[in-house]
2 protein chains.
Amino acid sequence: MKLSGRITEMKQSPIRKYYVYANKAKAQGKKVYCLNIGQPDIKTPKAFMEAIRNFDEDVLEYAPSEGMPELIESILGYYKRYGMNYTKEEVLITNGGSEALTFIMSCILDAGDEVIMPEPYYTNYVTFISMADGVVKPLTTNAENGYHYADKDKIEAVITPKTKAFVIGNPGNPTGNVLTREEIRMICDVAKKYDFFIIADEVYREFVYDGKDMTSFGQYEDVADRVIIVDSVSKRFSACGARIGSIITKNSELFSNLLKLAQGRLSCSTLDQIGSAALYNLEPSYFNEVKAEYEHRRNVVYDELCKIKGIVCEKPSGAFYITCKLPVDNAEDFLIWLLENFDDKGETVMFSPAEGFYATPGLGRSEIRIAYVLKETDMLRGIEIIELGLEAYKKR
Amino acid sequence: MKLSGRITEMKQSPIRKYYVYANKAKAQGKKVYCLNIGQPDIKTPKAFMEAIRNFDEDVLEYAPSEGMPELIESILGYYKRYGMNYTKEEVLITNGGSEALTFIMSCILDAGDEVIMPEPYYTNYVTFISMADGVVKPLTTNAENGYHYADKDKIEAVITPKTKAFVIGNPGNPTGNVLTREEIRMICDVAKKYDFFIIADEVYREFVYDGKDMTSFGQYEDVADRVIIVDSVSKRFSACGARIGSIITKNSELFSNLLKLAQGRLSCSTLDQIGSAALYNLEPSYFNEVKAEYEHRRNVVYDELCKIKGIVCEKPSGAFYITCKLPVDNAEDFLIWLLENFDDKGETVMFSPAEGFYATPGLGRSEIRIAYVLKETDMLRGIEIIELGLEAYKKR
């Protein structure tokens, strides 16, 4: 009973495969500072659980396949505040941003169709593309130029007749890159010229720093039929355990086909939808404090990383990740060594080696991703251990 | 921007496409008895919401991709009571039975691989198979022989070198068929002989009537590596709005590959998992009353349907559906006519035409599915309207 080609070729999540080593380190009694995962410590707004605690129906029924009206309404209100006018026939609720991407890929990709993605990328994009038998076409960037990918010539160089879509995380995971208005305009023009979809993963929309504006692909009317926005409550409201995402698009043909998949899986969690409606209804001022906290952490982490001799690191403008190049040949080896053979006063550190965030073999081997979602003292200590570890690693 | 072949060929859910007509009827002021959907009116056990209301963490975090330990433990306990011993490495929590099936198909089907299914079938199976570019091979049954499909010769006749799996809902939706021990043994032997997976959708396991035993495919050790059980809390605990299902299999190679997909989508709803753990921990006696209620409804509905002249209907043994053949050429036309042109004292009825439950063109056109999930008086009135409607329809 052979398994499918797509699943046997699919790699294990690079973010999670190092847990074995971290667990061993913990079993040895070491404290491990986990700079690797995007699980924020910011409190989930109380409105979420309050809305759920108030649920008092006798029967926990299926929600409508397209999503509960009160949640869709609250999302429409949120977008309206950003000058984006969508109707309820343009918002589909999904089981997290993950299901949103799975549905989109299934709807637009035939076997062998290509999807452009800047590398390093959010690795799970590959899972969703692979499930639809699509092919990743990487748009290669590097640490030295700050992982900049919005270059017309570079983009045109990877376009082929099989290009169906460009997946853009903006702000981006793992690089924290944020596109300018001009860059977005250019990408829209290229998408029109070569006729492909723009899949805009804007789940980190609220986390843009240095007073910069967040521009959404949803703000460009001339490409409204080819823009597909992916959204989620997970990071925006620190509600990762609520599996509520959405697909927002003005392409009605695409929408009606997405609906077939949504109807096939019946519905999303009723309670999570009720709680999420309360989240989207929060005052916009809610984000001020959260954003300030992340921006502060970004500054602290960046400044501390810059003290490491030989590091290549640009200050990210958004999201809550920083990707940088360490003065080691192989960051994976370094991480495993840190977990197995190193400690400073009984403590060590975990981060994400970035090689798995690249499609091109050999790239990213010296790079790592850090998620700045922990409190300041823990992050500083984690980076200090990286620095101490690097010295010891060189002498080993 | 062409959409994928798989999605454009995919049909809209036949269960939901008649809502347009039902909504029009309601807008005209008609009361519509909805015998069409599997949304039970049985109360969700209070333990579910109680467990969730007690959740008091500051941050609603991601659950582990494979599922929360307390839920997996409670599922293991439930299976143990049925003499089935699984370990925690053999249970994967999913976003409902729907995601379970999506993952399974993605893991076992290459494009063009075939999946055997008795027809009429649960139509969403087709969605999950199509997403993996698989092909449905129907095992045709008919109302006259009670939709019986467990016939060795008939099964062997549809097996080809491309057969990868046999999907079996047991008890079955939409027929209510329940397999005997001998039939299960025979199917296991055929699966071994021709080397394919058995995907056993046992979500209706607790609803088997007439004092019959429920036999699980999980009870046969010699096929443990090829049996994949799909489970869900939706129907079993009347908790459809909680999107918690599971995949249970002793095939460790399959399991580790399923885990790649689970990690790709990060996690299932944390709160729904907490509530569902409480459900699986309920005393087995919980099911006695629920089962008695469904069995009573089954009897009532069946007896009432038998009064309709010209109906072909066998008493189902499980689940909460009954499929039967009406004395009309086209049940879809009849339904639309009932909603648009008929009422009795301002009331009409909705059911599911069964043609969409068949892959073979032209089959099932006279058949309908009724879900007996409403209270007795409503169901009796619904069937009475079908009877009155049939008389008027003939004379139209």
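**Helix packing, domains and chain contact in a predicted model**

Q: How do α3(A) and α10(A) pack in this predicted model?
A: Helix α3 (residues 46-53) of chain A packs against helix α10 (residues 270-280) of chain A at an angle of about 135°. Their axes are 8 Å apart.

Q: Which residues make the contact of α3(A) with α10(A)?
A: From α3(A) come A47(A), F48(A), M49(A), A51(A) and I52(A). From α10(A) come L271(A), I274(A), G275(A), A277(A), A278(A) and L279(A).

Q: What is the make-up of that contact by class?
A: It has 10 nonpolar, 1 polar and no charged residues. Gly counts as polar, and G275(A) is one of the residues in the contact.

Q: What is the hand of the crossing between α3(A) and α10(A)?
A: α3(A) passes α10(A) in a right-handed crossing.

Q: Why is C107(A) called buried?
A: C107(A) has 27 C-beta neighbours inside 10 Å. The cut-off for buried is 20 or more. C107(A) therefore counts as buried.

Q: Where is C107(A), and which residues is it in contact with?
A: C107(A) is found in helix α5 of chain A. Leaving aside neighbours within four places in sequence, C107(A) is in contact with L254(A), N257(A) and L258(A), and with L3(B), S4(B) and I7(B) of chain B. L254(A) is 147 residues away along the chain, yet the two C-alpha atoms are separated by 7.4 Å.

Q: What are the domains of chain A, and how far apart do their centres lie?
A: Domain 1 covers 5-43 + 287-395, and domain 2 covers 46-280. Their C-alpha centres lie 26 Å apart.

Q: How many residues of each domain are in contact with the other?
A: In chain A, 37 residues of domain 1 are in contact with 33 residues of domain 2. On the domain 1 side, α11 (286-306), β9 (321-325) and β12 (367-371) each supply at least two residues. That side divides into 19 nonpolar, 9 polar and 9 charged.

Technical notes: Residues are numbered from 1 along each chain as its sequence is written. Chains are lettered from A and ligands numbered from 1 in the order in which they are written. This is a predicted model: local features need pLDDT of at least 70, side-chain atom pairs count only at pLDDT 80 or more; totals for chains, interfaces and linings use all residues. Axes are lines fitted to C-alpha atoms, for helices over the stretch in contact, and angles run from 0 to 180 degrees between N-to-C directions. Helices (H or I, at least four residues) and strands (E, at least two) are DSSP runs, numbered from the N terminus. A crossing is left-handed if the near helix is turned anticlockwise from the far one by less than a right angle, and right-handed if clockwise. Two residues are in contact if their C-beta atoms, placed from the backbone, lie within 7 Å. A residue is buried if 20 or more other C-beta atoms lie within 10 Å of its own, exposed if 12 or fewer, and partly exposed in between; C-beta atoms are placed from the backbone. Domain bounds come from an automatic or database domain assignment.
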